[in-house]
Structures are given as structure tokens and as C-alpha cells.
Amino acid sequence: MNMRKWGRLLPYAVVGLPSLVILYLLTRSLKTTTPQLRARNSDDSGPWEQLVAMMDGSKSLEALYAPQKLALVHSQKKHKITSTIQMSRHVALDNECRSRNSSLAWRSLPEAARLAVAQRIVVNDQHELLYCAVPLLSMGPWMKVLYYISPNRAEGLSDVGQVPGEELGTRKNFVYLSSFSLDEQERRLNTYLSFMVSRHPFQRLAIAYKLKLENSNAFFHDRYGKAIVKNYRKGGGGKNPTGNDVKFSEFAQYISEVSVDDMNEHWQPLETLCQPCVVDYDVILHHESMEREAEELLGVAQLSSHLTKFPYNKWDSLEASYVHTLYRELSPSLVGRLVQLYRSDFGLFSYSSLL
């Protein structure tokens, strides 16, 4: 880590003996409770209630540890910005990567996979930030932040909340890691403050279904809905299915059978999209607690003076009852196939399948 990055982060470096003790105990705990998919029978509630509670973020591993302000701590890889919650997330991620021998150097990643990730990572050189942008994971608010702090932002904006949505969908308004040479990519990956956002895999599927297939969305109805109805509905939906009435069970069947490489980014596993076993992200945010975690990260990145408040919105949030209803449609065997499909994301990001 360069001196400039140290200078920016040292005011937040409050890690001492208590934090090291916590990390030691946490590591021991995770060694005996590996963050793999596993049954959780300690609750008196039923399996579906437990599943919804987990996807609501109220019973994740991090809930066992009191939240602390982000701080600076040294790991075996590099310096990380972390709290006790971040420690638990990084320990889980590192354990999962090692268990599958999937920790690679950036240069060792196949060129096509490296390019796909580099085209997704937004770069801000002025504030030395890297962000892996994934739809429906608080992407809109974070792209607003990155646009607002960019020197190329439109004139007349006095608040991040004023950033028009149409500016976020134009790639030329942002700089991506793919625009740099391999050496320059590595330099930024090794020195800039990098972060990504995760979300419970079943929550991701539910919100993708709601916004892209259940709601009015002509592109997704035509591109995916018609084929899903034709292949997974008895009778094929007639001669000319519209694709605007896809059932969640049909969508789930499609997801369980399609190749990961052919998946749309709205439901492709995060392991593929952001490559967390290759890119050593300093901070892993959870969508479920974004409102609190985003403000802490803005402070660590010294962006609080540029923004009055993180532009958090709840447009891509879900009611637990809605998610509960969707997954009740699925057979246990289909749920099991989805768990297997997203098993890497469950383990990497400390989510439990409760199955």
C-alpha cells in the first residue's frame, strides 16, 4: 500500500489488541464452522421462515458480532479496511477460496474472464477507488456517487441526489479497469481502495424475477420470458407466448439448467462477475445492510465532505412475505439445485442456505 493510501486511512486505524483477540477467536470459530452450505436447526421456526429471515439479513454470521467502525488491519494478502464484520467476511471468503484452490493472480486469470471483470470494475483515479458494479446490488446509488465525484460530471450539480438516472447508463461517463494496460490494472488493484457488494443469492433471484419478468419489461419478456414459458410450461404457453406472465417456478427451473456462462448478469453468480478469489477487495458490503455500511465506507474513503448523504433507495428491496411466497412455489429438489448452483456465493459471502 502506498503512502498516500496509508495517509488517508490511518485516522481510522483503531485496531489493537481487542480486535486481534476477536479475529483470533473468529478464525477458530470459522475453522469449526466452515461457511459451507449447511443445516441450521437451532431455531424453533420452520425452514421457510428461517430462509426468509436469512435472506432478510437478520440471521447472518455477522449478526453474532457487534458492529464496529471500519478500521485498518493487516492481513496475509495486503492491508484491508475492516471492522469485526469485515473480518468475518474476509476470513470466510479466504477460507472458501483456499478450499477450492481458486485463488489466482490477476495475470493468471484467463484473458476472457479477466476482461469481463475489468469491464465491470469502475475506476476513480482522483480518489483511488475501484468498484465492481453489479445490477440490483445497490449499483444505482454507488454509480451516482462515482459519477458525482468524477471531474467529468455535468455542471450545475450541487448534491449527489441530483444526478439524473440516464447519466448512469452511459459507459462513457465512467472509467473502467479494462481501459488500462495490464501493468496499470495491477497497480490500481494493489493500491486503490476496492470494494464490491454481495446479496443473498435467493434474494438476487427474487428481485431479478420481480423487476425483469413479473413487472413490465419488454426486453426481458422477449429475450428470456418467451423461451422460459415455451420450455418450462406445460403446453409451451400456446403458439405465440408473450413472455410477460412467467411464473417464478418456471424461472427457477430455467436458472437451474442454464449454463453459468450463458446467464444474464442479473442472476449470474457473483463469483463469476467480480472474481473475489482473484481481486482482493478491501471491503465487501452486504446489500442487506447497505444504508449503514455505505456511510462508513464513505467516511473511510474520505468522501463524506463531498456528499451530504449516501443516495440510498429501497426500490430494489423486497418484502419478506413476497420472497416467502415465491419460494413456497418450489419443490425441495428444485431449491436444492439452486443451492448447488450458487454454493460458491453462499460460502464466499457468509450466507446460509438453511437447507
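The legends below describe close-up views of a predicted model.

In this predicted model, local features need pLDDT of at least 70 and side-chain atom pairs count only at pLDDT 80 or more, while totals for chains, interfaces and linings use all residues. Residues are numbered from 1 along each chain as its sequence is written, and side-chain values use heavy atoms, with hydrogens and water left out.

**View 1. Helix 10 and helix 11 cross at roughly 90°.** The axes of helix 10 (residues 218-232) and helix 11 (residues 248-257) come within 9 Å; helices here are DSSP runs (H or I, at least four residues) and strands likewise (E, at least two), numbered from the N terminus. Axes are lines fitted to C-alpha atoms, for helices over the stretch in contact, with angles running from 0 to 180 degrees between N-to-C directions. The two helices are therefore roughly perpendicular to each other, a term that covers angles of 65 to 115 degrees. Helix 10 makes the contact (heavy atoms within 4.5 Å) through Tyr224, Ile228, Val229 and Tyr232, and helix 11 through Glu250, Phe251, Gln253, Tyr254 and Glu257.

**View 2. Ile228 sits in helix 10.** With a relative accessibility of 1%, Ile228 counts as buried, which means under 20% relative accessible area (1.4 Å probe, protein chains only). Apart from neighbours within four places in sequence, Ile228 is in contact with Leu213, Arg233, Val246, Glu250, Phe251 and Tyr254.

**View 3. A disulfide joins Cys97 to Cys277.** A disulfide is a pair of cysteine sulfur atoms within 2.5 Å, and in this pair the sulfur atoms are 2.0 Å apart. The link is left-handed, with -90° about the S-S bond. It ties together distant parts of the chain, since Cys97 lies in helix 4 (residues 84-99) and Cys277 in the loop between helix 12 (270-274) and strand 7 (283-286), 180 residues apart.

**View 4. A disulfide also joins Cys132 to Cys274.** The torsion about the S-S bond of this pair is about -90°, so the disulfide is left-handed. Here Cys132 belongs to strand 4 (residues 129-132) and Cys274 to helix 12, 142 residues apart. Cys132 is buried, with a relative accessible area of 2%, and Cys274 counts as buried at 0% relative accessibility.

Conventions
Angles under 35 degrees count as roughly parallel, over 145 as roughly antiparallel, 65 to 115 as roughly perpendicular and the rest as oblique. Buried means under 20% relative accessible area, exposed over 50%, partly exposed in between (1.4 Å probe, protein chains only).
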